[in-house]
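Trainee: Please put the structure up, and we can go through its accessibility, salt bridges, sheet and cavity.

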Amino acid sequence: MTARTSDIEKAAEVLRAGGLAAFPTETVYGLGANAEDPAAVARTFQVKGRPPSHPLIVHIGGAEHLDDWVQDVPATARLLAERFWPGPLTLVLRRDRRVPLEATGGLETVAVRVPDHPVALALLSAFGGGVTAPSANRFGSVSPTTADHVRAELGDAVDFVLDGGPCEVGVESTIVDATGETLSVLRPGGVTREDLETALGRPLAVHSTSRVRVPGQHPSHYAPRARVILVEPENVVAEAQRAQELGRQVGVFLPPSFADAPVKAHAVVTVPGSMAAYARGLYGFLRELDQAGCDVIIASLPEEQGLGLAIANRLRRAAGPRPTD
Ligand code: TXA
Ligand code: MG
């Protein structure tokens, strides 16, 4: 689905006037503001209820604009930008002075990406500058993958919602720290680790649970209202039954290999066998089980390869830290 030209113009006008415009990307919907307008950027944090120390991603219209926003781009980062942009890859690099500290949470680095969505690219071109955009949800909760999700969650707090249909990828961009000698993944996402390693010709470290600036200090993230409990795939049905017997409203993420198992629960989602379809549906499934009134969701982790790495990361974060963490 593509948005009407008049709507794209309207969203660009909102950004120019210092307002907030939600817009579609291939990953999730973003809450856009003019990256060079500190007051607009500050409002983003208020609307999300997000601590101002959590930096935002600056969205730009093409790799050719990269040097307007950052300095000292290593050859490896340029290679990744050329290979994966537009696409679900975010590069953390040294900030150009043009990027206000409000956008970077006070850091001297900035995260930048070129979204692979015709509506996002049309908006960036109509607007002409960089657009900061966190996922368009309240801090800590499930990211939106449709315009309706954004409206339901943010309502009048956002000045305009540009509807570009459901997001294709469904999980956020992969964030790569490209400031040092050795690149590392700060958040797994839509570009797989395997594809990055193939492009680079060497292995890549994943630091997704340790680095300070990827919101790890908080008990849970990407979380529905229902409590998410992770168990081994072969235990999902039994755990669901147990919780149901304890009087809980149980939601189940039924693993594909158990799709035919009889399961007693309040609401059941059968997880797609394809990781691309699972990623695309993940946040919608979590919202669906919340909407059905579930107070607990029993799920298992997929194999942590390809897009499965990002899905497992989001489910773990949704479940919050285990007592031993
Ligand atoms: O797919 C996406 O990346 C979506 C769409 C809208 O583009 N955006 C998104 O933004 O997920 P947000 O704000 O929900 O997540 C951005 C992540 C945060 O975890 C933040 O800590 C990290 O990027 N980040 C931003 N700037 C950083 C920096 N300078 N150093 C390290 N991490 C950074
Ligand atoms: Mg987010």
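Mentor: A residue is buried under 20% relative accessible area, exposed over 50% and partly exposed in between, with a 1.4 Å probe and protein chains only. This is a predicted model: local features need pLDDT of at least 70, side-chain atom pairs count only at pLDDT 80 or more, and totals for chains, interfaces and linings use all residues. Residues are numbered from 1 along each chain as its sequence is written, chains are lettered from A and ligands numbered from 1 in the order in which they are written, and side-chain values use heavy atoms, with hydrogens and water left out.

Trainee: Which class of accessibility does Arg-94 fall in?

Mentor: The relative accessibility of Arg-94 is 41%. Exposed would need over 50% and buried under 20%, so Arg-94 counts as partly exposed.

Trainee: How many salt bridges does a search of the whole structure find?

Mentor: A salt bridge is a side-chain nitrogen of Lys or Arg within 4 Å of a carboxyl oxygen of Asp or Glu. Side chains of opposite charge can pair when their charged atoms come close. Among the linked residues are Glu-9, Glu-13 and Arg-16, which form a network. The search of the whole structure gives a count of 17.

Trainee: Which residue forms a salt bridge with Arg-94, and how far apart in sequence are the parts that the pair ties together?

Mentor: The partner is Asp-72, with the closest N and O atoms 2.6 Å apart. Helices (H or I, at least four residues) and strands (E, at least two) are DSSP runs, numbered from the N terminus. Arg-94 is in strand 5 (residues 89-95) and Asp-72 in the loop between strand 4 (70-71) and helix 3 (75-84), so the parts tied together by the pair are 22 residues apart in sequence.

Trainee: Which helix holds both Asp-148 and Arg-151?

Mentor: Their side chains form a salt bridge at 2.7 Å, N to O. Asp-148 is exposed at 52%, and Arg-151 is partly exposed at 37%. The two are 3 residues apart, about one turn, and both lie in helix 6 (residues 147-154).

Trainee: What is the strand order of the open sheet of 4 strands?

Mentor: Two strands pair if DSSP finds at least two bridges between them. Strand 12 pairs with strand 15 (residues 296-299) in the parallel sense over 4 bridges, and strand 13 (residues 250-254) pairs with strand 14 likewise, parallel over 4 bridges. The edge strands, each pairing on one side only, are strand 12 (227-230) and strand 14 (267-270). The order is 12-15-13-14.

Trainee: Which residues form the uncovered face of strand 14?

Mentor: Val-269 of strand 14 stands opposite Phe-253. Val-269 is on the covered face with Ala-267, and the uncovered face is formed by Val-268 and Thr-270.

Trainee: How much space lies in the largest cavity?

Mentor: On a 1 Å grid over the protein atoms alone, a cavity is a set of points where a 1.4 Å probe fits but cannot get out, and lining residues have an atom within 4 Å of a point. Grid points are joined across faces, edges and corners, and a volume is the space filled by probe spheres set on the points. The count is 1 cavity of 30 Å³ or more. The space in the largest cavity is about 60 Å³.

Trainee: Which elements give two or more residues to the lining of the largest cavity?

Mentor: The lining includes Arg-193, Leu-196, Leu-309 and Ala-310. The elements are helix 7 (193-200) and helix 10 (308-319).

Key. On a 1 Å grid over the protein atoms alone, a cavity is a set of points where a 1.4 Å probe fits but cannot get out, and a pocket is an open set with protein on both sides within 12 Å along at least five of seven lines; lining residues have an atom within 4 Å of a point.
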